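User: I would like to learn how to read salt bridges in a structure. Please take me through some cases.

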Amino acid sequence: MAQYDALLLEQLQALWGSGFLSPGGREEVRLIVEGLDLAGKTLLDIGTGLGGPALVLAGECGAQVMGLDVQAEIVGEARQRITAAGLDQQITLQLTSPGPLPLADAEADVVFSKDSLIHVPDKPAIYAEMFRVLRPGGALAISDWLTGPAEDPDVMAFIEASPLDLRAATLDDLLPVIEAAGFTKISTVDRNAWFAATMRAEQAALRGEISERFEAIMGRDAVEAWIARREPIRLAAEAGALRPTHIRARRPDG
């Protein structure tokens with residue numbers, strides 16, 4: 001069953017911009033890959049979604065992007081957006097299934113993902129696969145929604161309120177997984193403070209500047225229900241229980 005239905009896709013883009021299903025838009029994509037020379041590089045985008053990040057990575061950064069996603073409707077809409085932007089020779093998309101990545105060993109120069117790995121239950125398997133498909137010396141540059149302690153009530157309220165299947169890890173649990181996969185030069189940037197401010201701004205906008213747009217999409221009563229359903233995300237972020245994090249690492253040379 002599709003996790004992201006047509007209404008949810010419309011709602012998320014109304015919040016975060018055309019082609020984006022998580023906060024930060026183009027600027028957050030730029031920060032995830034900041035300092036990496038992507039021109040002409042083969043970049044794997046895991047959970048490419050509606051194609052917003054891929055358009056930045058190809059159109060602004062010059063990467064040759066291979067995008068993967070597990071939902072057919074999303075891939076179809078992303079292809080339309082990429083064709084309209086004139087980047088279909090630079091971005092290829094593939095509908096795939098959860099499990100091993102459909103790439104050969106050492107096929108990618110860079111592995112990228114923006115906020116999609118929270119849906120992956122088997123963290124050791126996905127990090128082992130990301131290591132496998134990277135060439136020696138290749139870079140991992142991702143953003144993942146991490147949590148505070150798993151028993152934290154703010155985490156549980158956020159997960160229980162979400163219509164999506166979420167499998168978040170803590171940083172303490174994840175770092176040994178990344179190391180065990182073989183990665184080195186691991187670094188992280190905690191985006192919790194930014195994310196908490198973003199969630200506060202979102203709630204204010206839903207009652208202010210974008211209220212009419214959302215009411216047109218779903219009706220006033222449904223807007224209020226949406227605001228209530230999003231409130232646990234803000235609370236979890238402000239309590240430090242929900243911590244989007246940028247993660248960088250390298251596959252060693254040789």
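Analyst: What follows is a short walk through the salt bridges of this predicted model.

User: What is the general idea?

Analyst: Side chains of opposite charge can pair when their charged atoms come close. In this model the count comes to 15 salt bridges.

User: How far apart are the closest N and O atoms of Glu77 and Arg81?

Analyst: They are 3.8 Å apart, and the pair counts as a salt bridge because the cut-off is 4 Å. Glu77 and Arg81 sit 4 residues apart in helix 4 (residues 72-84), about one helical turn.

User: Are Glu77 and Arg81 buried or partly exposed?

Analyst: Glu77 is partly exposed, at 28% relative accessibility. Arg81 is buried, with a relative accessible area of 18%.

User: Which salt bridge does Glu238 form?

Analyst: Its partner is Arg234, with 2.6 Å between the closest N and O atoms. Both residues belong to helix 10 (residues 220-238) and are 4 residues apart, about one turn of the helix. Glu238 is partly exposed at 36% relative accessibility, while Arg234 is buried at 18%.

User: Which residues do salt bridges with shared partners join into one network?

Analyst: That network consists of Arg26, Glu27, Arg30 and Glu60.

User: What about Lys114 and Asp115?

Analyst: Their side chains form a salt bridge with an N to O distance of 3.0 Å. Lys114 is buried, with a relative accessible area of 7%, and Asp115 is buried too, at 11%.

Note on methods. Residues are numbered from 1 along each chain as its sequence is written. This is a predicted model: local features need pLDDT of at least 70, side-chain atom pairs count only at pLDDT 80 or more; totals for chains, interfaces and linings use all residues. Side-chain values use heavy atoms; hydrogens and water are left out. Helices (H or I, at least four residues) and strands (E, at least two) are DSSP runs, numbered from the N terminus. Buried means under 20% relative accessible area, exposed over 50%, partly exposed in between (1.4 Å probe, protein chains only).
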